[in-house]
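Please look at the sequence and the structure before reading on.

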Amino acid sequence: MKIRKIFIFLILGISIFSLFTLSMVYMGVFKHQIDSYAAKTLKNATHIEANQLEWFFSEREANMNVLAQNRNLLRYLNYSNHYETVAPSVQTQVQNTLTLYTQNITGIEGISIINQNGIITADTHTPNIHKKAFGDIVSALPPNTFYYSDIIKDEVSPYMLLALPIYERDTYYGGIVFKLNMLYFEKMLAGLNFFETSTTIVLDSKGEVAALNTMDSMEQFQNIYQLPPSLLSNLSTLWSKNQNNLNNEKVFNYYINGEKKIYHAITIPQNGWSV
């Protein structure tokens with residue numbers, strides 16, 4: 001009788017242990033599947049947003065190239081470079097063209113046209129005309145080369161600059177400068193939540209936040225390299241360490257206040273900005 005009881009307890013013990021082991025195995029497999037799904041969803045969402053960001057800058061470059069070939073603009077710059085009087089009709093046409101660009105193209109807040117001496121000769125914000133600006137930046141650019149600034153915060157609303165030199169038969173005529181606001185990036189991310197706790201961020205090449213889709217995160221940090229100590233996060237360190245591996249499809253683990261999280265990032269080729 002004692003042997004039977006011992007045998008029954010032994011069978012029960014083995015069965016319980018087997019069930020426990022099997023449960024742990026299934027839990028591990030299930031957790032791995034959840035982690036794989038989360039990583040795949042994270043990468044897909046990042047690719048979508050990175051493509052939109054790259055498309056935006058490519059479109060602005062195309063807009064700028066078209067404007068740089070405008071015959072009225074070239075004639076206008078030629079007059080300005082030779083200190084000749086510009087016909088009022090030509091000046092009006094150029095100003096109207098700049099106004100149409102700002103009214104009909106997403107993200108453009110202002111346009112400046114500078115001559116080869118770095119003087120603004122036409123501008124959507126007319127008080128800027130005759131001021132000296134951007135000349136050192138634009139004149140140093142080879143033909144067909146774009147200049148991208150990072151985020152600039154010397155005004156109420158942050159913005160960035162996109163510039164292109166204008167050459168006519170290898171002669172530098174001047175350049176075009178687009179002032180781009182952050183509204184497009186904010187709209188791009190608005191309502192984007194592929195997870196309940198997800199955050200999507202657009203960063204410039206210096207890690208400054210251009211836009212994100214949750215305001216509470218914006219209040220916590222504005223530069224990925226300068227996270228507040230209260231977050232207790234190793235994200236800044238990992239971001240610096242993995243800058244050269246952002247486009248290799250890898251998902252990185254990091255921690256905020258002891259809680260494990262994951263991130264995936266893509267850097268676009270035009271200017272080093274990241275999603």
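In this predicted model, F57 is buried, and Y148 is buried as well. Structures of this kind can be described ring by ring, and here there are twelve aromatic pairs in total. In one of them, the ring centres of F57 and Y148 lie 5.3 Å apart with their planes at 85°, so this pair counts as edge-to-face, since planes over 60 degrees apart fall into that class. The two partners come from distant parts of the chain: F57 belongs to helix α1 (residues 2-68), Y148 belongs to strand β3 (residues 147-148), and 91 residues separate them.

M160 is found in strand β4 (residues 159-168). Is M160 buried or exposed? Its relative accessibility is 0%, so M160 counts as buried, the limit being under 20%. Beyond its neighbours within four places in sequence, M160 is in contact with several residues, including F57, Y148, F185 and W273. Other contacts of M160 include S149, D150, F178, K179, L180, M182 and N271.

| Residues | What is given | Distance |
|---|---|---|
| F57 and Y148 | ring centre to ring centre | 5.3 Å |
| M160 and I108 | C-alpha to C-alpha | 9.9 Å |

Along the chain, M160 and I108 are 52 residues apart.

Technical notes. Residues are numbered from 1 along each chain as its sequence is written. This is a predicted model: local features need pLDDT of at least 70, side-chain atom pairs count only at pLDDT 80 or more; totals for chains, interfaces and linings use all residues. Side-chain values use heavy atoms; hydrogens and water are left out. Rings of Phe, Tyr and Trp (its six-membered ring) pair if their centres lie within 6.5 Å; planes under 30 degrees apart count as stacked, over 60 as edge-to-face and the rest as tilted. Helices (H or I, at least four residues) and strands (E, at least two) are DSSP runs, numbered from the N terminus. Buried means under 20% relative accessible area, exposed over 50%, partly exposed in between (1.4 Å probe, protein chains only). Contact means heavy atoms within 4.5 Å.
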